[in-house]
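Hi there,

Here is the structure I promised to pass on to you. Have a look at it first, and then read my notes below.

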Amino acid sequence: MTQALDELLDLLDLEQIEQNIFRGSSRSALVPRVFGGQVAAQALVAAGRTVPADRTAHSLHSYFLRMGDPGAPIVYTVDRIRDGRSFTTRRVVAVQHGQPIFHLSASFQVPEEGLEHQADMPAAPDPESLPTAAEMLPRHLPLEVAQRLIEARAAVDLRYADTPPWGSVGEPREPRSQVWFRTNGKLADDPLLHVCLATYVSDMTLLDSVLLAHGRGGWAVGDVVGASLDHAMWFHRPFRADEWLLYDQQSPSASGGRGLGQARIYTQDGRLAISVIQEGVVRVPR
């Protein structure tokens, strides 16, 4: 396991300060606010720690309410909405400086047999054939910016199948992006941990497809201003976040200063593991 992954796992190992209250810290990000994927993953950790061990997360719905302060702890309060025979529902509020910054609703389910079908996995290059972040980022970004991005994502091996938005500024193209990702090291066999790490990574690139449609480079080059507004995920089938996952992303719409991204995450052997939808603020600086 790499040091960066070890630090991320420490970040997700929340301190329990009361029966339904947890506290987490933050790590530095590319922008002076808490990374949205971090607060979503920590909130899901808090929810999961109040749920019976035989139930796994199958969905989450969340709203980003205020910019998080990376220099202050985040307190997560869990509301035990319902404990049914098959499903368990939790609501989590993340608070900083006395104000809510994030809301999460998550649902957990006991294992069940049922109908089975899925969308086919799209064609994608072999992840091992693609350049690593350390190889690819300096080709497209100033060295200082590239190094900061590499450090911010060091816990994850994330590889673009095509040129990322900040590598093709001024060249609008199909609003679709593919990345392969896995953690930079093996993880324990805890299903909640794998779901939380996938949640963490899911906020890194989902709005890339919005930028591609307009030839914008995004936050890394400063030609748009943006932030996540809401984020929803459905966990369909078991997966491991320390094995290659294909994140196939596209944007069906941008309007009103907002952009919508939707995606499917597949295991390397073609099983549809997760569906994701996110809307974010995407504004062109005046």
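Below is what I found, grouped by region. Please keep in mind that this is a predicted model.

Let's begin with the helices.

Next, find glutamine 38, which belongs to helix α2 (residues 36–48). Is glutamine 38 buried or exposed? Its relative accessibility is 0%, so glutamine 38 counts as buried. Setting aside neighbours within four places in sequence, glutamine 38 is in contact with Leu11, Ser25, Ser26, Arg27, Ile74 and Tyr200.

Now for the strands. Strand β9 (residues 225–235) pairs with strand β3 (residues 56–64) in the antiparallel sense, over 5 bridges. Here tyrosine 63 stands opposite aspartate 230 of β9. β9 also pairs with strand β12 (residues 272–283), again in the antiparallel sense, over 10 bridges. In that pairing, histidine 231 is found opposite glutamine 278 of β12.

Finally, a residue to look up in the loop between β5 (87–96) and β6 (99–109): histidine 97. Most residues other than glycine have a negative phi. Histidine 97 is not a glycine, yet its phi is positive, at about 50°. With a relative accessible area of 60%, histidine 97 is exposed, since the cut-off for that is over 50%.

Enjoy exploring, and write back with any questions!

Best wishes

Notes:
Residues numbered from 1 in each chain as written. Predicted model: local features only at pLDDT ≥ 70, side-chain atom pairs only at ≥ 80, totals over all residues. Heavy atoms only, no water. Helix = DSSP H or I, 4+ residues; strand = E, 2+ residues; numbered from the N terminus. Buried < 20%, exposed > 50% of the residue type's maximum accessible area, 1.4 Å probe, protein only. Contact = heavy atoms within 4.5 Å. Pairing = 2+ DSSP bridges.
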